[in-house]
Amino acid sequence: MRAVIQRVTASSVKVNGEIIGEISKGYNVLLGVMQGDTKAQAELLARKIASLRVFEDEDEKMNLGILDVEGEILAISQFTLCADLKKGNRPSFFPSAPPDEARELYDYFCECLSSNGVKKVAKGEFGADMKVEIHNDGPVTIVMDTEIWDKK
């Protein structure tokens, strides 16, 4: 499971010109679900994101987490994060999970963010053509891949 976490002052997502999800201060999370990903990985990733400390404290040090600042998360499913570019210039999306599995893990990941104390978790529409507006703060962008925590 791969995630791109962007610290934002605001973020929103539109489908067919209508805003379906929006947040103020917090994270925009782009989530890619890979073949073989599990609920345990979704739980781990949600916990890591909820614990990530990239908000500045009174000394302007990145020392505060999203719970400390009462931040919100906009989670967007994005299968293109699973792209394989080993051959040629056209990405292969074979590593991404099948849609039904990916949707289930995306929804579960969002539930896990909430159960880790995130006060608001807004979502995009799985599989839709979405227009995402991101007001990146910093910019601060972190990439996480559960592969680094897998014990193989």
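Predicted model: local features only at pLDDT ≥ 70, side-chain atom pairs only at ≥ 80, totals over all residues.
**K123 and its partner.** K123 is partly exposed, at 31% relative accessibility. Its side chain meets that of D107 in a salt bridge, 2.6 Å from N to O. This pair links distant parts of the chain, with D107 in helix α2 (residues 99–115) and K123 in strand β7 (residues 121–123), 16 residues apart. I noted D107 as partly exposed too, at 27% relative accessibility.

**Other salt bridges.** I found a count of four salt bridges. Among them is R2 with D145, at 3.1 Å, N to O. R2 lies in strand β1 (residues 2–15) and D145 in strand β8 (residues 130–145), so the pair ties together parts 143 residues apart in sequence. R2 is partly exposed at 25%, whereas D145 is buried at 18%.

I also checked R7 and D137, whose side chains meet in a salt bridge at 3.3 Å, N to O. R7 is in strand β1 and D137 in strand β8, so this pair ties together parts 130 residues apart in sequence. Here R7 is buried at 7%, and D137 is partly exposed at 25%.

**Cysteines.** How many disulfides does the structure hold? I found zero. A disulfide needs two cysteine sulfur atoms within 2.5 Å. The sulfur of C82 is 15 Å from the closest cysteine sulfur, in C110, so it is too far for a bond. For C112 the closest cysteine sulfur is also in C110, at 9.2 Å, again too far. C82 is buried at 1% relative accessible area, and C112 is buried at 6%.

**Negative patch.** I noted a negative surface patch formed by E56, E58, D59 and E60. E60 sits in the loop between β4 (53–56) and β5 (62–65). E60 is exposed, at 64% relative accessibility.

Notes:
Residues numbered from 1 in each chain as written. Heavy atoms only, no water. Patch = residues over 30% accessible without salt bridge, like charges linked within 9 Å, V, L, I, M, F, W, Y side chains within 5 Å. Areas by Shrake-Rupley, 256 points an atom, 1.4 Å probe, with all protein chains shown as cover. Lys, Arg positive; Asp, Glu negative; His and termini not counted. Charge placed at Lys NZ, Arg CZ, Asp CG, Glu CD. Helix = DSSP H or I, 4+ residues; strand = E, 2+ residues; numbered from the N terminus. Buried < 20%, exposed > 50% of the residue type's maximum accessible area, 1.4 Å probe, protein only.
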